[in-house]
Amino acid sequence: MLTKVTGLAAALATLLAIVTAFMPMEGLNVALVLLVLGMIAGISTTDDMVIRIGVAALALPVAGAAMAALPMLGTQLGAMLGGFALVAAGAFGVAVTIRMVMRAIGAVKGLAGGASS
């Protein structure tokens, strides 16, 4: 069930980033929605995907700024890549936080196990 929810969040974030790049929504804080959807999607991120998402979060804004130089659709492509960057940043933040908490829990369990023996 969790993978379905996180997959739906990722799909909605992708769709929202694309749609709002071409049709801005005035009454909606798109950046916040994309970030939250990315955070939800990041819950089920596998260990091998964390680095890829982190690199994407760093590289997408640079690519978006480069796309802005294109004459016809550059602004929209830059906005779309910026939206993807927000989603990736949210997913990366949650994925790293989950892994750090799991490491801390493992360390505390290791201390407790070592003290009782």
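These legends go with a set of views of one predicted chain.

**View 1**
Residues are numbered from 1 along each chain as its sequence is written, and side-chain values use heavy atoms, with hydrogens and water left out. The chain has 4 helices and 0 strands, and from the N terminus the order is α-α-α-α. Its radius of gyration is 18 Å, well over the 13 Å that the globule rule gives for 117 residues, so the chain is more spread out than a compact globule. Helices (H or I, at least four residues) and strands (E, at least two) are DSSP runs, numbered from the N terminus. The radius of gyration is taken over C-alpha atoms, and the globule rule is 2.2 Å times the number of residues to the power 0.38. Along the principal axes, the C-alpha atoms fill a box of roughly 70 × 30 × 20 Å.

**View 1. Confidence along the chain.**
Mean pLDDT (the predictor's confidence in each residue, from 0 to 100) is 92 for the chain, and 97% of its residues reach 70 or more. Helix α2 (residues 30–41) scores highest, with a mean of 96, while α4 is lowest at 90. Where pLDDT is low, the predicted coordinates should not be read in detail.

Of the 117 residues, 27% count as buried. Here buried means under 20% relative accessible area, exposed means over 50%, and partly exposed is in between (1.4 Å probe, protein chains only). Among contacts (heavy atoms within 4.5 Å) with a separation of 6 or more, 74% are between residues 24 or more positions apart.

**View 2. The nonpolar patch.**
Leu2, Ile43, Ile98, Val101, Met102 and Ile105 make a nonpolar surface patch of about 500 Å². A patch is built from residues with over 30% relative accessible area and no salt bridge, where like charges are joined within 9 Å and nonpolar side chains (Val, Leu, Ile, Met, Phe, Trp, Tyr) within 5 Å. Helix α4 (residues 74–116) gives the most to the patch, with 4 residues. Ile98 lies in helix α4 and, at 30% relative accessibility, counts as partly exposed.

**View 3. The salt bridge between Arg99 and Asp47.**
The structure holds 1 salt bridge, a term that covers a side-chain nitrogen of Lys or Arg within 4 Å of a carboxyl oxygen of Asp or Glu. Zoom in on the side chains of Arg99 and Asp47, which meet at 2.8 Å, N to O. Arg99 belongs to helix α4 and Asp47 to helix α3 (residues 47–67), so the pair ties together parts that are 52 residues apart in sequence. Arg99 is partly exposed at 21% relative accessibility, whereas Asp47 is exposed at 59%.

**View 4. Around Val87.**
Val87 sits in helix α4 and counts as buried, with 14% relative accessibility. Not counting residues up to four places away in sequence, Val87 touches Ala13, Leu34 and Gly38. Look for Ala9 here as well: Val87 and Ala9 are 78 residues apart in sequence, with 9.8 Å between their C-alpha atoms.

Thr6 has its place in helix α1 and is buried, at 3% relative accessibility. Leaving aside neighbours within four places in sequence, Thr6 is in contact with Ile40, Ala41, Ile43 and Ser44. Gly7 is also found in helix α1 (residues 2–22), but Gly7 is partly exposed, with a relative accessible area of 36%. From Gly7 to Leu37, 30 residues apart along the chain, the C-alpha separation is 10.0 Å.

**View 5. Arg52 and Phe92.**
Arg52 is in helix α3 and is exposed, with a relative accessible area of 55%. In sequence Arg52 and Phe92 are 40 residues apart, and their C-alpha atoms are 9.1 Å apart in space.

Notes:
This is a predicted model: local features need pLDDT of at least 70, side-chain atom pairs count only at pLDDT 80 or more; totals for chains, interfaces and linings use all residues. Accessible areas come from the Shrake-Rupley method with a 1.4 Å probe; for residues, only the protein chains shown count as cover.
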